[in-house]
Amino acid sequence: MRPQPFKWLLLAALFGLGVVFLVSEVRDSVTRDRTGVPGRRLTVLVVHLVAALPLLLLPPIQFSRRIRARWPVWHRRAGKLYLGAAIVAAIGAIYLGATFAGLGSRVPLFIFSILWLAFSVAGSICARRRAFGLHERVV
């Protein structure tokens with residue numbers, strides 16, 4: 001199989017954009033004035049941001065057929081890490097969405113959280129049942 005430079009360039013760009021977005025979001029979340037915000041919401045926000053790290057950084061590596069073929073054990077372990085992080089991040093996002101000040105943003109955030117969690121769990125179930133074709137389509 002010949003390397004596809006465009007695919008690697010696209011994955012590198014997505015990874016780079018994910019890192020830039022993550023750094024800016026974390027910096028904004030840490031430095032923003034949160035006077036009057038309940039402590040529980042701040043805790044959930046920080047846990048949600050930390051859990052989101054693998055969700056943003058792992059997919060470009062996980063989707064590489066070459067890496068999956070060369071290091072299948074690593075792929076399985078990273079998938080388990082991804083699933084655990086997806087569960088934690090989704091629970092946090094549901095809570096944050098329910099307590100979000102903007103009413104028009106609550107429903108989309110809730111739906112997005114549920115869908116992300118559902119597809120992550122479905123992908124894990126497909127992998128455990130060794131239905132790899134369906135697993136690849138779901139994730």
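Visitor: What makes a stretch count as a helix here, and how many helices are there?

Guide: A helix is a DSSP run of H or I that is at least four residues long, while a strand needs E over at least two. This is a predicted model, and its secondary structure comes to seven helices and zero strands. Going along the sequence, you read α-α-α-α-α-α-α.

Visitor: What box do the C-alpha atoms fill?

Guide: Along the principal axes, roughly 55 × 30 × 25 Å. The protein has 139 residues, of which 27% count as buried. It exposes about 9700 Å², and carbon and sulfur atoms supply 71% of that.

Visitor: What share of the contacts comes from residues 24 or more positions apart?

Guide: Take the contacts with a separation of 6 or more: residues 24 or more positions apart account for 58% of them.

Visitor: On to the salt bridges. How do you know that Arg65 forms one with Glu136?

Guide: The rule asks for a side-chain nitrogen of Lys or Arg within 4 Å of a carboxyl oxygen of Asp or Glu. For Arg65 and Glu136 the closest N and O atoms are 2.8 Å apart, so the pair qualifies. It links distant parts of the chain: Arg65 belongs to helix α4 (residues 65-70) and Glu136 to helix α7 (residues 132-138), 71 residues apart.

Visitor: Why does the pair of Arg68 and Glu136 count as a salt bridge?

Guide: Its N to O distance is 4.0 Å, and the cut-off is within 4 Å, so this pair is counted too. Arg68 lies in helix α4 and Glu136 in helix α7, so the pair ties together parts that are 68 residues apart in sequence. By this rule the count comes to two salt bridges, and Arg65, Arg68 and Glu136 are linked in a network.

Visitor: Why are Arg65, Arg68 and Glu136 called partly exposed?

Guide: Buried means under 20% relative accessible area and exposed means over 50%, so partly exposed is what lies in between. Arg65 is at 43%, so it counts as partly exposed. Glu136 has 41% and therefore gets that label as well. Arg68 has 21%, which is not under 20%, so Arg68 is partly exposed and not buried.

Visitor: And the nonpolar surface: which residues form the patch?

Guide: Phe15, Val19, Val23, Ile61, Trp71 and Trp74, with about 510 Å² of accessible area together. The largest share, three residues, comes from helix α1 (residues 5-31).

Visitor: What makes Val23 partly exposed, and which helix holds it?

Guide: Val23 is found in helix α1. Its relative accessible area is 47%, which is not over 50%, so Val23 is called partly exposed and not exposed.

Visitor: Last one: where is Leu53, and why is it called partly exposed?

Guide: Leu53 has its place in helix α2 (residues 39-57). From Leu53 to Trp71 you count 18 residues in sequence and 22 Å in space, C-alpha to C-alpha.

Conventions:
Residues numbered from 1 in each chain as written. Predicted model: local features only at pLDDT ≥ 70, side-chain atom pairs only at ≥ 80, totals over all residues. Heavy atoms only, no water. Buried < 20%, exposed > 50% of the residue type's maximum accessible area, 1.4 Å probe, protein only. Contact = heavy atoms within 4.5 Å. Areas by Shrake-Rupley, 256 points an atom, 1.4 Å probe, with all protein chains shown as cover. Patch = residues over 30% accessible without salt bridge, like charges linked within 9 Å, V, L, I, M, F, W, Y side chains within 5 Å.
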